[in-house]
Amino acid sequence: MNYALISENIKKQFKKSKRIVHALKGINLQIREGEIYGLLGPNGSGKSTFIRIASTLLIPDTGSIKIFGYDVVKEATKVQRLINRVSAEASFFKKLSAMENLLFAAGIHGISKKEALEKIYDISEKVGLDRKRLNDPLEDFSRGMQQKVAIARAFMTEPRLMLLDEPTTGLDPRAKREVQSLILQMRENMGATILLTTHDMEEAERLCDYVAIIHRGRIIIKGRTSELKTMIAHKVTNPTFEDVFMEFTGISFDEAEYEEAESA
Ligand SMILES: Nc1ncnc2c1ncn2[C@@H]1O[C@H](COP(=O)(O)OP(=O)(O)O)[C@@H](O)[C@H]1O
Ligand SMILES: [Mg+2]
């Protein structure tokens with residue numbers, strides 16, 4: 001069995017005004033190559049902190065993450081060649097056109113202009129963007145379209161592990177479904193492994209092969225998407241992820257989101 005990512009006992013704390021926040025309290029994950037792995041948790045549970053450590057942007061206090069065998073701290077440059085990351089807020093040069101943004105991304109990844117143009121036309125088709133619109137500034141696009149272009153742009157570099165940090169947060173229901181379909185389509189076409197974070201339980205069910213539920217910096221339960229629900233089937237009929245969360249934390253998912261808003 002090949003693993004795309006192995007995380008062992010990752011801990012990270014922050015100083016927030018005068019308090020110490022234990023954002024991650026010992027995270028262990030094993031992500032198999034080819035799967036879409038969901039890290040599902042309420043706001044403030046530690047998802048982005050984990051993604052930032054995995055993508056070499058942040059150094060853990062203790063523990064290690066290996067991506068295809070490379071250590072994210074000691075072999076950061078090797079890791080960077082194998083991954084790409086998209087966060088909730090797509091980062092673009094908003095005044096520049098879609099074409100310019102995509103050519104720029106291709107350029108920094110050493111893709112030739114000819115190959116880049118082919119990829120860009122392919123991207124516009126996949127995200128349903130009229131070729132004529134490629135020359136419009138990014139800021140004129142809907143949030144949903146911007147997010148789709150960001151995801152397709154990240155796949156353009158053919159990462160072996162794609163890190164998607166809340167890729168659909170803040171989108172309206174229709175844009176959300178379109179972005180989700182694009183993620184599934186990209187996985188089919190590119191064969192990449194995907195680590196996706198979300199606080200949307202339906203999204204985790206729809207997209208993920210495997211889900212780890214995180215709460216207050218700890219993984220409370222993990223398993224195949226279907227198995228997680230059958231685990232509590234003897235207690236709850238037709239269980240949902242909400243029921244699973246409640247069973248293992250004693251509070252509802254909504255309450256957990258509220259709790260974070262209160263402590264912020
Ligand atoms: N740079 C930082 N400085 C201080 N606290 C932080 C920082 N980054 C994250 N945190 C805190 O760590 C906890 C986890 O945050 P985060 O990983 O962003 O959660 P999520 O992505 O699940 O919403 C939160 O309590 C957050 O306020
Ligand atoms: Mg986050």
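A polar contact is a pair of N or O atoms within 3.5 Å; within protein, one must be able to donate a hydrogen and the other to accept it, and residues adjacent in sequence count only if both atoms are side-chain atoms. The model is predicted: local features need pLDDT of at least 70, side-chain atom pairs count only at pLDDT 80 or more, and totals for chains, interfaces and linings use all residues. Residues are numbered from 1 along each chain as its sequence is written, chains are lettered from A and ligands numbered from 1 in the order in which they are written, and side-chain values use heavy atoms, with hydrogens and water left out.

Backbone and side-chain atoms both reach ligand 1. A backbone N or O atom of Gly-46 is 3.1 Å from one of the ligand's oxygen atoms. For Gly-44, a backbone N or O atom lies at 2.7 Å from an oxygen atom of ligand 1. Lys-16 uses its side chain, where an N or O atom is 2.7 Å from a ligand oxygen. Ligand 1 taken alone exposes 560 Å², and the protein buries 75% of that (Shrake-Rupley method, 1.4 Å probe; for residues, only the protein chains shown count as cover).

The shell around ligand 1 holds 15 residues, of which Lys-16, Gly-44, Lys-47, Ser-48 and Thr-49 come nearest (near: a heavy atom of the residue within 4 Å). It divides into 4 nonpolar, 6 polar and 5 charged residues. Here Ala, Val, Leu, Ile, Met, Phe, Trp, Tyr, Cys and Pro count as nonpolar, Asp, Glu, Lys and Arg as charged, and the others, Gly among them, as polar. Strand 1 (3-16), strand 2 (19-32) and helix 1 (47-54) each give two or more residues to this shell. Helix 1 gives the most, with 4 residues. Helices (H or I, at least four residues) and strands (E, at least two) are DSSP runs, numbered from the N terminus.

Strand 1 pairs with strand 2 in the antiparallel sense over 11 bridges (pairing requires at least two DSSP bridges). Ile-10 has Ile-27 of strand 2 as its bridge partner. The hairpin of these strands has 2 residues between them, and Ser-17 takes a positive phi near 45°. Strand 1 also runs antiparallel to strand 4 (residues 62-67), joined by 5 bridges. There, Ile-6 is partnered by Lys-66.

Because 13 of its 14 residues are buried, helix 5 is largely enclosed by the rest of the structure (buried: under 20% relative accessible area; exposed: over 50%; partly exposed: in between; 1.4 Å probe, protein chains only). Glu-158 follows helix 5, with a positive phi near 50°.
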